[in-house]
Amino acid sequence: MERGDRFSGPRRFGGTRPFRPSPVKVGDEYDVKVESMSRRGDSGVAKVQGLVVFVAGAKVGDRVKVRIINVGSGYASAEIVQGNSSIESLPPNAEAETSGDNDE
């Protein structure tokens with residue numbers, strides 16, 4: 001058996017995956033819920049149409065609007081445009097009340 005004969009024939013494992021274009025583009029904005037944290041712990045992980053999206057500065061459970069800033073093979077990176085469940089849960093004037101600029 002020659003080397004060429006050994007590798008001819010159908011592949012059973014691995015091989016190429018069919019090309020599937022990314023469902024997101026740089027600059028697109030989405031409302032997402034952060035489902036988990038990245039392995040490094042510096043980004044939240046959400047999904048958009050099955051694509052993993054790393055959201056810098058987000059925590060598990062946050063519902064945020066994000067803007068895609070980078071698209072890679074099988075993943076995308078995003079930044080928070082607005083919203084964060086921990087910020088949205090505060091009353092609208094809570095920031096002014098806790099700013100420490102009181103002249104009392």
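Predicted model: local features only at pLDDT ≥ 70, side-chain atom pairs only at ≥ 80, totals over all residues.
Student: How many helices and strands does the protein have, and in which pattern do they follow one another?

Tutor: There are 3 helices and 6 strands. Along the sequence they follow the pattern α-β-β-β-β-β-β-α-α.

Student: What is the order of the strands in the sheet, and which are called edge strands?

Tutor: The 6 strands form an open sheet in the order E1-E5-E6-E4-E3-E2, with mixed pairing. E1 and strand E2 (36-37) are the edge strands, since each pairs on one side only.

Student: How do you know that E4 and E6 count as paired?

Tutor: Two strands pair if at least two bridges are found between them. Val52 stands opposite Tyr75 in E6.

Student: Why is the contact between Lys65 and Glu29 called a salt bridge?

Tutor: The rule requires a side-chain nitrogen of Lys or Arg within 4 Å of a carboxyl oxygen of Asp or Glu. For Lys65 and Glu29 the N to O distance is 3.6 Å, so the pair qualifies. Lys65 lies in strand E5 (residues 63-71) and Glu29 in strand E1 (residues 29-33), and the two are 36 residues apart.

Student: How do you know that Glu29 and Arg67 also form a salt bridge, and what does this pair tie together?

Tutor: Their N to O distance is 2.9 Å, and the limit is 4 Å, so this pair qualifies as well. Because Glu29 lies in strand E1 and Arg67 in strand E5, the pair ties together parts that are 38 residues apart in sequence.

Student: Which residues are linked in a network of salt bridges?

Tutor: The network links Glu29, Lys65, Arg67 and Glu79. By the rule applied here, the model has 4 salt bridges.

Student: Why are Lys65, Glu29 and Arg67 called partly exposed?

Tutor: The partly exposed class lies between the buried limit, under 20%, and the exposed limit, over 50%. Lys65 has a relative accessible area of 26%, so it is partly exposed. Glu29, with 33%, is partly exposed, and Arg67, with 29%, is partly exposed too.

Student: What makes Asp42 and Arg40 a salt bridge, and to which accessibility class does each belong?

Tutor: The N to O distance between their side chains is 3.7 Å, which is within 4 Å, so the pair meets the rule. At 42% relative accessibility, Asp42 is partly exposed. Arg40, at 73%, is over 50% and therefore counts as exposed.

Student: Is Ser43 buried or exposed, and how do you know?

Tutor: Ser43 has a relative accessibility of 11%, which is under 20%, so this residue counts as buried. Ser43 lies in strand E3. Leaving aside residues up to four places away in sequence, Ser43 touches Ser36, Met37, Ser38, Phe54, Val55, Ala56 and Ala58. Of the 104 residues of the protein, 22% count as buried.

Student: Is Gly50 buried or exposed, and why?

Tutor: Gly50 stands at 54% relative accessibility, which is over 50%, so Gly50 counts as exposed. This glycine lies in the loop between strand E3 (43-48) and strand E4 (51-56). Gly50 and Ser22 are 28 residues apart in sequence, and their C-alpha atoms are 9.9 Å apart.

Student: What makes a group of residues a nonpolar core, and which members touch the most others here?

Tutor: Such a core consists of buried nonpolar residues joined through side-chain atoms within 4.5 Å. The largest one has 15 residues, and Val24, Tyr30, Val32, Val53, Val66 and Ile68 touch the most other members. E1, E3, E4, E5 and E6 each give two or more residues to this core. Not counting residues up to four places away in sequence, Val24 touches Tyr30, Val48, Leu51, Ile68, Val71 and Ala76. In soluble globular proteins, nonpolar side chains tend to be buried together.

Terms used:
Residues numbered from 1 in each chain as written. Heavy atoms only, no water. Helix = DSSP H or I, 4+ residues; strand = E, 2+ residues; numbered from the N terminus. Buried < 20%, exposed > 50% of the residue type's maximum accessible area, 1.4 Å probe, protein only. Contact = heavy atoms within 4.5 Å.
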